Amino acid sequence: MAALHEAESAGTGFLRRRWVEVLVIWLFWTFLAVLVATGRLLDPRWAGQEASLVRRQVLHIFSEFYTWALLTPGIFWLSRRLAFDRPRWVGRLLLLLGIGLVVALLMEVWVDFLYLYVYQLPWRRGRVDLLEGIRHFWFINDLVTFFAVLAAGFARDYFIRYQQRQQEAAQLRAQAADLQARLTEARLQALRMQLNPHFLFNTLHAISALVERDPKGVRHMIARLSELLRYTLDESGAQEVPLSQELRFLEGYLNIQQIRFQGRLEVKQEIDPDVLDALVPNLILQPIVENAIKHGISRLETTGRITLRAWREGDQLWLCVRDNGPGLSGNGQWQEGLGLRNTRARLEGLYGDAYRMELRQPPEGGVEVCISLPYHTATDLHVSAHADA
């Protein structure tokens, strides 16, 4: 049904364009006829002539120009079929010249016939003589008119084809943008699917290490893990979530790690309340925290500390995760694993060049990973969508 409706709309649009073109042709030749007739009426040689004679002369002028109006669509058809941008243009030029001569001669005969026999205007020749018209080149004006209309047809044809190419190019760009968006979405979804089993396996490994030492803590870890897995399944289609929701998920993950480290892991949050509604990539902080624990906190004999910070600077949202591990030198061996590589890839897919991901080593020690991304909320996206519509 949609294809049928589209075909009907295209047919209606084609007929409308045809009628508009016919109207423009008629108006153009009417304008020329009025212009020529006005010039003749202002000619002093017409002064004093009978009104009926003047009327017949004006009608003759209009008849000639309206004949050209009837011929114009056919000449336009010739310009489309015999365009010079196709092969064998010399033969096409000769063919057009021959057709132009025939049309000019016929117009000369037709105009003379109207002049002499239809409107019965005074004429010193007294009869229509084609050979005399050829001998004196009286058809030249008609030949020039033919090629002028033909040139207009070429211009019209090139303009229509240019518009069609522009529309096709716009459609191709839209299709390419749609395909690129689909590809990016699939790539982001694949990256998220990589994170889920990676997170699950690491957490199960932490649980297995406490099975014999802390059965009660293991039960708490399994309960937390089930909640986190339920969350990842429920939010599998969302690429961005509010920061407050991301922090709640991260809190569940850190609770599991705190049970694992048996009181040797502290978590500190420095979150600006004004940015809790900001949209961030789903599960963006968990792999960064996991990397900090694996390559920083787990290498400490003392209590480890994870500090989470979030604030806004202008149009940018900053998210930072800091640990107090050995840092980038000495025994730290801080590395960028699968989680951080996927984090970079997701940020690039979502924001292009509008994000930054920095690795810092604070003066007090440890490592800090900071992410800067465009600040926006769900309300901003809703308003933008309505504005585009």
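## The pocket between helices

A helix here is a DSSP run of H or I with at least four residues, and helices are numbered from the N terminus. Keep that in mind as we look around this predicted model. Let's start with its second largest pocket, which holds about 780 Å³ of space. Which elements give two or more residues to the lining of this pocket? They are α1 (2-41), α2 (51-81) and α5 (140-208). The largest share comes from α5, with 12 residues.

In total, 25 residues line the second largest pocket. Nearest its centre you'll find Arg17, Arg18, Glu21, Arg156 and Ile160. Sorted by class, the lining has 13 nonpolar, 5 polar and 7 charged residues.

Is Arg156 buried or exposed? Arg156 counts as buried because its relative accessible area is 15%, and the cut-off for buried is under 20%.

## Salt bridges among the strands

Take Arg305 and Glu266, whose closest N and O atoms are 3.9 Å apart. Arg305 lies in strand β4 (residues 304-313) and Glu266 in strand β2, so the bridge links parts 39 residues apart in sequence. Both ends are partly exposed: Arg305 has 37% relative accessibility, and Glu266 has 43%.

Another salt bridge brings together the side chains of Glu364 and Arg322, at 2.9 Å from N to O. Glu364 is in the loop between β6 (356-360) and β7 (367-374), while Arg322 is in strand β5 (residues 316-323), so parts 42 residues apart in sequence get tied together. Glu364 is exposed, at 56% relative accessible area, whereas Arg322 is partly exposed, at 22%. These two also belong to one network, in which salt bridges that share partners join Arg309, Arg322, Arg356, Glu358, Arg360, Glu364 and Glu368.

Most residues other than glycine have a negative phi. Now check Gln262: it isn't a glycine, yet its phi is positive, about 55 degrees. Leu283 isn't a glycine either, and its phi is also positive, about 60 degrees.

Where do Gln262 and Leu283 lie? Both are in loops: Gln262 is between α7 (243-260) and β2 (265-271), and Leu283 is between β3 (279-281) and α8 (286-295).

Which residues make a nonpolar surface patch of about 540 Å²? The patch is made by Trp89, Val90, Leu93, Leu94, Leu97 and Leu101.

Leu94, one of these residues, is placed in helix α3 (residues 89-118). Leu94 counts as exposed because its relative accessibility is 56%, and exposed means over 50%.

Technical notes. Residues are numbered from 1 along each chain as its sequence is written. This is a predicted model: local features need pLDDT of at least 70, side-chain atom pairs count only at pLDDT 80 or more; totals for chains, interfaces and linings use all residues. Side-chain values use heavy atoms; hydrogens and water are left out. Patches are made of residues with over 30% relative accessible area and no salt bridge: like charges are joined within 9 Å, nonpolar side chains (Val, Leu, Ile, Met, Phe, Trp, Tyr) within 5 Å. Accessible areas come from the Shrake-Rupley method with a 1.4 Å probe; for residues, only the protein chains shown count as cover. A salt bridge is a side-chain nitrogen of Lys or Arg within 4 Å of a carboxyl oxygen of Asp or Glu. Buried means under 20% relative accessible area, exposed over 50%, partly exposed in between (1.4 Å probe, protein chains only). On a 1 Å grid over the protein atoms alone, a cavity is a set of points where a 1.4 Å probe fits but cannot get out, and a pocket is an open set with protein on both sides within 12 Å along at least five of seven lines; lining residues have an atom within 4 Å of a point. Grid points are joined across faces, edges and corners, and a volume is the space filled by probe spheres set on the points. Ala, Val, Leu, Ile, Met, Phe, Trp, Tyr, Cys and Pro count as nonpolar, Asp, Glu, Lys and Arg as charged, and the others, Gly among them, as polar.
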